[in-house]
Amino acid sequence: MTKRLKSAGSDPVEQLAPEQGLSSYQHALRERLLAAPVIPAPDPWRPVFDYKYGAPVGGLLGIGFASHPESGRDLVMVVSHDGHGLFDAVTGEKIARDRDPDPEDSTPDAVADLSCPGLGPIAGSRVRIAGLFGGGLHTTTGDGWTLEAVTPDWPNDRVLLSGDGGLPHSGPHGERWWHIFHSTYSELRAFGFSPSGETIAVATSSDISLWTRRPDHSDNSDSSDVQPPAD
């Protein structure tokens, strides 16, 4: 079926219905993605924030990763309309805040490498920012985890974590791939792993969600070595 759309002051415009032109394979894949509910990320991953949608950050523009110069732990820098912030990616603590950065450094689009100056323990360095102005984060880890964004019900993005190399995800949902985030209320800005592979970040225009596989303070085991389930 062809939908006909008409905008004010213009002639009707023919537009393909969402499923028209899909092969049977593409249709089946789309239906599998639509049917997969949001579920928790598997072990060893755990959410960093207790809040269902992560930490609220109004007007979020982008995020970037850095390492703490002393502990080596992952840090996440957040750039928003309200300034810059720095989170500990293991505890979720906001460890630094700059509400009034210099205008020339307030957003990453002012420089060729899409970076902003670091703050707090990473002051004096620059952090590349992925988000509204471009750029990107790691989508794979060295030990076999993969992240990807799919949009079977545009414009709402879904973020999938997998241990099977990515689409088409032949294994069952919840065993080899996991739908961990569904952006139904805000625009997806960026998603990816930290360079260390210990942190997952998903940022929208209104919040940031983090998962870590680094043990918390009550666990002395090193879960960062746990790999995706074997085939």
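Author: Contact here means heavy atoms within 4.5 Å, and the model to which this is applied is a predicted one.

Reader: With that cut-off, which residues is Thr-204 in contact with, leaving aside its neighbours within four places in sequence?

Author: Leaving those neighbours aside, Thr-204 is in contact with Leu-60, Phe-181, Ser-183, Tyr-185, Ser-186, Glu-187, Leu-188 and Arg-189.

Reader: Why is Thr-204 called buried?

Author: Buried means under 20% relative accessible area, and Thr-204 has a relative accessibility of 0%, so the residue counts as buried.

Reader: What makes strand 16 mostly covered, and which residues lie on each of its faces?

Author: Six of the six residues in strand 16, which spans residues 199-204, are buried. On one side these are Thr-199, Ala-201 and Ala-203, and on the other Ile-200, Val-202 and Thr-204, with both faces covered.

Reader: How do you know that strand 15 and strand 16 pair?

Author: Two strands pair if DSSP finds at least two bridges between them; strand 15 (residues 188-193) and strand 16 have five bridges, in the antiparallel sense, and therefore meet that condition. In one of these, Gly-192 has Ala-201 as its bridge partner. The two strands form a hairpin with five residues between them, and Gly-197 in the turn has a positive phi of about 80 degrees.

Reader: What joins strand 16 to strand 17?

Author: Five bridges join strand 16 to strand 17 (residues 207-212), and the two run antiparallel. Ala-201 stands opposite Leu-210 in strand 17, while a hairpin links the two strands through two residues.

Technical notes
Residues numbered from 1 in each chain as written. Predicted model: local features only at pLDDT ≥ 70, side-chain atom pairs only at ≥ 80, totals over all residues. Heavy atoms only, no water. Helix = DSSP H or I, 4+ residues; strand = E, 2+ residues; numbered from the N terminus. Buried < 20%, exposed > 50% of the residue type's maximum accessible area, 1.4 Å probe, protein only.
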